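Subject: Structure handover

Hello,

Here is the structure I promised to pass on. Please open it beside this email and follow along.

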Amino acid sequence: MEQGPEGSVDPSSARSKEDLARFLSMLRVRADSPSYRELEKSASGLGIGQALPRTTLGEVLRGRRFPSKAFLLTFVRLCGVPPGEIHVWENTWNRLAVQYKVGELADRSAESQGAGAAPRRIAELEERIGVLSERLRRQEQAIEQAGRAWAAVGTALQDQGHTSEAEAVYLAVIALQRELDSFDAQTVARVRHGIVEAMSAQGRHSDAEVAAELLVGEPAETMGADRAGTLAAEQLMTSARTPLPPPLSGGPQPPQLAGATVSPGRAQYSRVAGGLPTIWNLEPRNPEFTGREDILQRLRRSFHQGGTSVVQALQGQGGVGKTQIAVEFAHRNAADYDIVWWIAAEDSALVGEQIAALAVELGWVEQGTDTATATAVAKSHLRGRDRWLLIFDNAEERAAVSDWLPGGPGHVMITSRAGRWERVAVRVPVDAMIESDAIALLRTHCPELSSEEAELLAGELDFLPLALCQAGSFLAETATEVDDYLNFLHTHPAALLNEGEAGDYPRSLAAVIGLGLDQLAQDDPTGLAVVRVCALLGPEPIPVRWLMTVEDITADDEALSGLVRVVNDEMLLRRAIGTTVRFGLATSNRDGVRLHRLVQSVIRDLLPATARERVRRHARALLVANRPGDPEDPATWPEWARIVPHLLAVEPNAPVDLHLRMLACSTCWYLIERGDADAGGRLARSLCEAWGRDAGPDDVHVLWATRCLARALREQGRYEEARLLYEDALARYQRVLGKEHTDTLRLAHGCAINLRLLGRYQEARELQEVTLRSYRATLGKDHPHSLHSANHLAVDLGALGHHDEARKLHEDTLTRYRRVLGDDHPDTLRSANHLTADLIALGEYAEARMLDEETLHRCQRAFGEEHPYTLRAATSYATILRNLGQLQAALELQEVTLTRSRQILGTDHPQSLRAAQMLCEILYHLDRLDRALELQRETVQRYRRVLGEEHPETRRAVDLLRKIGDE
């Protein structure tokens, strides 16, 4: 959890538990609004025995419950209050405790002694509490001193080699600390580090690793402001995972990570010599890597120069070894980095998912956070730190990478066949190996080769590293003579890869792969069928269970007959995958089997046209058979993320079977739901254009893809473009499917939403009313589609000023949503947010606050902090705070919301403009008129450009500008 902006929250003026709740909420906002779940989890990780249950958190932060002292102190520590300021919160609690803890007793006393005795009794109790508080403070100081003394005893025992005794002392100190809320954090950190070291020294490495992982998860304030304790904990966890033997007397000691706190006379194990960073997803180092010293040295020199050299692009034709150079560099220089992350960049649509995975791995976001949010968080964090390396492998073009570069002091390496990196990175050209290095590389893979044979073979392979490695491995594994190999190479050439699909490769590279395929055909027909199928899918892991889909294959199916038997013998399939790995055609891990893109290209090129088309049909059928569930259900999103790259690889925009078209349209919808309207819109547009040429604009799947494209444009704030699509498609839907068909109604529903966003409220209402009646008649009141329509009809009513009517419909719809879809479904949360708007319009701010606070927390948990739905809920909550007079809290929340909206959606997106206008209103009420005027002038200009002069939202923006200007 991060500390909030500079400037502290002072609760000294609190006079009630409601006031205290307000200051605690402000503190939470400054800490970047951690969710209740995050707070609960962080509190349990502290190991001090104080829990922060989510239910209690909600009651305390709403002012319904006065917290215990331990609860309050734990909360403020987790929210970043420095140790030197905690006493302010403690004093506030002590003062309010007199009111809430003693008041009840005083009331009972007054009843028995008369009303005049109550003040005297309260004064007596306050004096007694003061005496007890002072006595307790002195006892706490004595216990703290004893704890520090015993911690020193433990250190001395450990320095003398008495590790089990030291561990016992340390554990006793921790037990003492659990009974004392304000125990010295630095002493606790030192003791817990000592426990890890004692466990490691006794050979209990599993226990040590668990203990160290708890330390790494500690909040920064527990470890000290400079996070030295956290860095030391990371060292200890690495040491626990890979323990070092005792150092030899006088020998070199393991390196110490800068900033780590150490005890004199004790060895500190940071990272095993030659070890890897904890955050690392690269493949293992290639033990046969040879040469390239000039390039590796140039990379290191340039990176350490800083400036523009922190981004470098290895550029050269395919097969020259760019990827292997990047891997070797990362391994050689691993000690310079704390984070090294590999990103497959050949498909720009998938880069975001991989950066999101880094954010999850580092704990910056939770698993399942939408891609847009996770990538924005990752880039923001990386900009503020150094010692990281991102590697974008096989970027096809500059645009595939430039938008994803975090900036900041870290390093970025790009590998690409394409050129024109001059405005993004320093270009590092990579050509074929020099002859001596090529010969050495061949003989590394096949030591039996003579110098003459290696020279001859290297020349035939054009000194390309990938071809050299594959040839050497083939010769070594198959005992093939060089003359025979050369004969095969000349008699089985493969056509050059088509330019634009995989680049311009020499024939020898394709021929080497072809020889491996010939060997597979002889040794393992099932393995041959596996690589053929994988070659027609994407260059990402393919789950083994997918390959069990063989219903469309028969024994006389020449291209795929090797897969017939796997339906009854899964081990046959797994052995076949092992064979493909052994011949260097594939890699495998827990995620599945994967073919390198170059291998895929060659295999596709070697397949006859009819066989290639047959395998592609099977690959498409395989994807259809493994279609994930409802793309609107967040539980299915991980499976959708897995299937996307493979769908793109099988050319879904070609004239294909109906089931694949359905899968392609559902994929568009998933991308939009996940918050990536740009990628969803690009795919939908390609489907519309390709299918439209083949089947015409009235084809049902063309219409479906059009609906996806229209929604993508709407989510991007391009309402007028969406309107043209909606209106054209609605007429076609009604003509082709009929007015009452559910697909027609879904399009009409989307069209009505878009009309409202265009400011055409009455038209939107009329169309949505017709749609809702048809939905209910066809599907019933509780069907999700009926609920969607009712939800947005209520929004239309609110836009027209019918707030009471809108509220009633929203309340009924929300109740049904919760019963049908559950409390955390995206549609339920959208409905709750819309109901909040009605409550605000009706002036029922207290009820609106309760509902919207819960909605905001659920959105943060379900979508992440920066999903458009979460940002919308945050602006709504800031509106409530402003109306309740909590202007400072509203300002702090809306400042963050506007920044995130502009980062995620863009400055000109209508939702960003609404966020900006709300911030202006808050500034106006705070009398910060200069800034409010400047921001509102800019906002009005953008409204006019984006929505037009006559749009109702533009007119409201102009009215606010006049109001601010008149002051």
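Below is what turned up, starting with the sheet and ending with the cavities.

One caution before the tour: this is a predicted model.

**The sheet**

Start with the overall layout. Six strands form an open sheet in the order β1-β3-β4-β5-β2-β6, and the pairing is parallel. Its edges are β1 (279-280) and β6 (426-429), each of which pairs on one side only.

Now walk across it. Six bridges link β3 to β4, and the two run parallel.

Strand β2 (residues 311-315) pairs with β5 in the parallel sense, over five bridges. Q315 stands opposite S416 in β5. Then β2 pairs with β6, again in the parallel sense, over four bridges. In that pair, L314 has V428 of β6 as its bridge partner.

Helix α13 (residues 322-332) packs on it and touches β1, β2, β3 (339-344), β4 and β5. The direction of α13 makes about 160° with that of β5.

Which residues of β4 point which way? W388, L390 and F392 point one way, and L389, I391 and D393 point the other. All of them are buried. That is six of six residues in β4, so the strand counts as mostly covered.

Strand β5 (residues 411-416) is mostly covered too, with six of its six residues buried. H411, M413 and T415 lie on one side. V412, I414 and S416 lie on the other. Both faces of β5 are covered.

**Two residues to look at closely**

Pick L390 first. L390 belongs to strand β4 (residues 388-393). Is L390 buried or exposed? Its relative accessible area is 2%, and the cut-off for buried is under 20%, so L390 is buried. What does L390 touch, leaving aside neighbours within four places in sequence? The contacts are W341, L358, L382, P406, H411, V412 and M413. Also compare L390 with I343. They are 47 residues apart in sequence, and 7.3 Å apart in space, C-alpha to C-alpha.

Now go to G680. This residue is found in helix α29 (residues 677-695). G680 has 0% relative accessibility, which is under 20%, so G680 counts as buried. Not counting residues up to four places away in sequence, G680 touches C668, L671 and I672. G680 and C665 are 15 residues apart in sequence and 9.3 Å apart in space, C-alpha to C-alpha.

**The cavities**

Rolling a probe the size of a water molecule over the atoms shows where empty space is left. How many cavities of 30 Å³ or more does the structure hold? There are two.

The largest cavity has a volume of about 290 Å³. It is lined by 24 residues, and those closest to its centre are V29, S33, L856, Y877 and L893. Four helices each supply at least two lining residues: α1 (17-30), α37 (845-863), α38 (868-883) and α39 (887-905). By class, the lining has 10 nonpolar, seven polar and seven charged residues.

The second largest cavity has a volume of about 50 Å³. Its lining is made of L829, R830, N833, H834, T855, C859, Y869, R872 and A873. The elements that give two or more residues to this lining are α36 (826-841), α37 and α38. Of these, α36 gives the most, with four residues. By class, this lining has four nonpolar, three polar and two charged residues.

**Where to begin**

Find β5 first, with its six buried residues. Step from there to β4 and locate L390. Then move to the largest cavity and find Y877, one of the residues closest to its centre.

Best wishes

Notes
Residues numbered from 1 in each chain as written. Predicted model: local features only at pLDDT ≥ 70, side-chain atom pairs only at ≥ 80, totals over all residues. Heavy atoms only, no water. Buried < 20%, exposed > 50% of the residue type's maximum accessible area, 1.4 Å probe, protein only. Contact = heavy atoms within 4.5 Å. 1 Å grid on protein atoms, 1.4 Å probe; cavity = no way out; pocket = protein on both sides within 12 Å on 5 of 7 lines; lining within 4 Å. Points joined across faces, edges and corners; volume = space filled by probe spheres on them. Nonpolar A, V, L, I, M, F, W, Y, C, P; charged D, E, K, R; others polar. Pairing = 2+ DSSP bridges. Axes fitted to C-alpha atoms, helices over the stretch in contact; angles between N-to-C directions.
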